[in-house]
Amino acid sequence: MSKSLEQSFVKQLQENQNIIHKICRLYTNDDDAHKDLFQEITIQLWKAFPKFRGDSKFSTWAYRVALNTAITLYRKTKRSINTVEFEGRQHFLNDVEYDYEEEEQLKLMYKAVYQLNDIEKALIFMYLEDKDYHEISETLGISEVNARVKMNRIKGKLKKILNPLGI
Amino acid sequence: MKELDLLKKDWQKSDNTFVQVSENDIYIMIHKRSSSIVKWILIISILEVLLWTLLSLFSNSDDYLREIKHVELIPYFDALTYVNYAVILIFIYQFYKNYILISTTTSTKKLMQDILKTRCTVQYYVWYNLGMIVIYTIIAFTVAFIYNPQMEVLKEKIASNSNVMIITVGVLFLTSLLFFGLFWLFYRVVYGILLRKLFINYKELKKIDL
């Protein structure tokens with residue numbers, strides 16, 4: 001592939017790398033795996049780059065390839081964090097009515113998101129990135145109505161993880 | 001859900017929390033090799049097709065037919081061989097066609113379907129070969145039974161005791177079954193490891209649209 005294509009790709013990826021980092025953060029749980037997935041996504045993006053015609057933003061195009069790589073092509077199995085310490089959860093339950101530290105709440109929320117499966121993570125990712133349901137449904141290849149239904153279920157699941165007793 | 005709103009706010013301002021990769025690093029990365037499952041499927045598929053093609057190329061029945069002095073059967077076996085070559089070519093073409101369709105820019109579901117389709121082509125090819133082996137074995141056995149003088153002993157035995165026929169067919173049947181069983185196990189292990197994640201995610205994705 002030509003040098004100028006390579007230059008253009010490297011420049012655009014460098015500028016838009018945070019979107020890839022966000023996906024890596026969601027799908028891996030240590031630095032090495034993060035770097036490994038980042039590299040695989042970069043390779044896949046580069047392979048697909050000749051087909052990128054620039055009629056959408058680079059970041060919009062890149063996140064789809066990145067998600068597909070994380071969900072489907074990336075081979076290394078990651079150990080998911082399934083151990084939310086009971087004490088931590090209890091603590092949260094007791095203090096939730098009071099003014100709880102945002103920081104702590106966020107930590108729990110991130111932990112809860114980690115417990116979702118790959119597809120649910122993809123939906124949450126797109127939700128956090130403010131993608132509309134039309135785009136979510138097109139990216140995953142599901143219907144728009146069902147994308148909405150699934151998103152509501154995921155919210156329910158997150159609630160349950162955060163508050164398993166339903167208090 | 002207020003926790004989710006909180007997460008969204010934090011998520012959208014988290015851009016500066018990542019260690020930035022330099023342009024130079026990206027240059028290095030794009031020249032590295034992919035370790036994706038598609039690549040592994042390609043490698044394994046090529047090996048499989050090569051192995052089975054070589055096996056069918058080297059299995060030569062002509063010498064045997066000459067040995068038992070029935071050269072008139074050679075054209076029939078040759079015809080079977082040509083059919084086999086045609087089938088190999090069709091499979092390779094199908095595999096290539098499916099393989100180039102795999103693209104990371106389509107939807108996740110389509111990508112998964114395309115990968116599975118490519119995989120299936122090779123699997124059919126292997127099953128085809130296994131089927132051919134069974135057919136060849138049956139033909140070889142029949143030819144040997146009818147034309148090979150060494151088989152006279154067996155024929156006499158069958159004539160005197162009908163159980164011998166049942167035992168012979170039974171042994172052949174069990175051998176083929178064992179053969180298929182071993183391959184099935186091999187496939188379960190190799191593709192179980194390689195495609196486990198894909199299958200789980202594909203099922204999950206299909207469940208959403210049910």
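How many helices and how many strands does chain A have?

## Basis of the model

This is a predicted model, in which local features need pLDDT of at least 70, side-chain atom pairs count only at pLDDT 80 or more, and totals for chains, interfaces and linings use all residues. Residues are numbered from 1 along each chain as its sequence is written, while chains are lettered from A and ligands numbered from 1 in the order in which they are written.

## Chain A

Chain A has nine helices and zero strands; helices (H or I, at least four residues) and strands (E, at least two) are DSSP runs, numbered from the N terminus. Of its 167 residues, 37% are buried, a term for residues with 20 or more other C-beta atoms, placed from the backbone, within 10 Å of their own.

## Domains of chain A

An automatic or database domain assignment divides chain A into domain 1 (3–73) and domain 2 (86–162). Seven residues from domain 1 of chain A and seven residues from domain 2 of chain A form the contact, where C-beta atoms placed from the backbone lie within 7 Å. On the domain 1 side, α2 (17–27) and α4 (58–73) of chain A each supply at least two residues.

## Chain B

Chain B comprises eight helices and zero strands. Its C-alpha trace spans about 90 × 40 × 25 Å along the principal axes. The radius of gyration, taken over C-alpha atoms, is 27 Å for chain B, whereas a compact globule of 210 residues would have a value near 17 Å (the globule rule is 2.2 Å times the number of residues to the power 0.38). Buried residues account for 14% of the 210 residues in chain B.

Note on methods
A residue is buried if 20 or more other C-beta atoms lie within 10 Å of its own, exposed if 12 or fewer, and partly exposed in between; C-beta atoms are placed from the backbone. Two residues are in contact if their C-beta atoms, placed from the backbone, lie within 7 Å.
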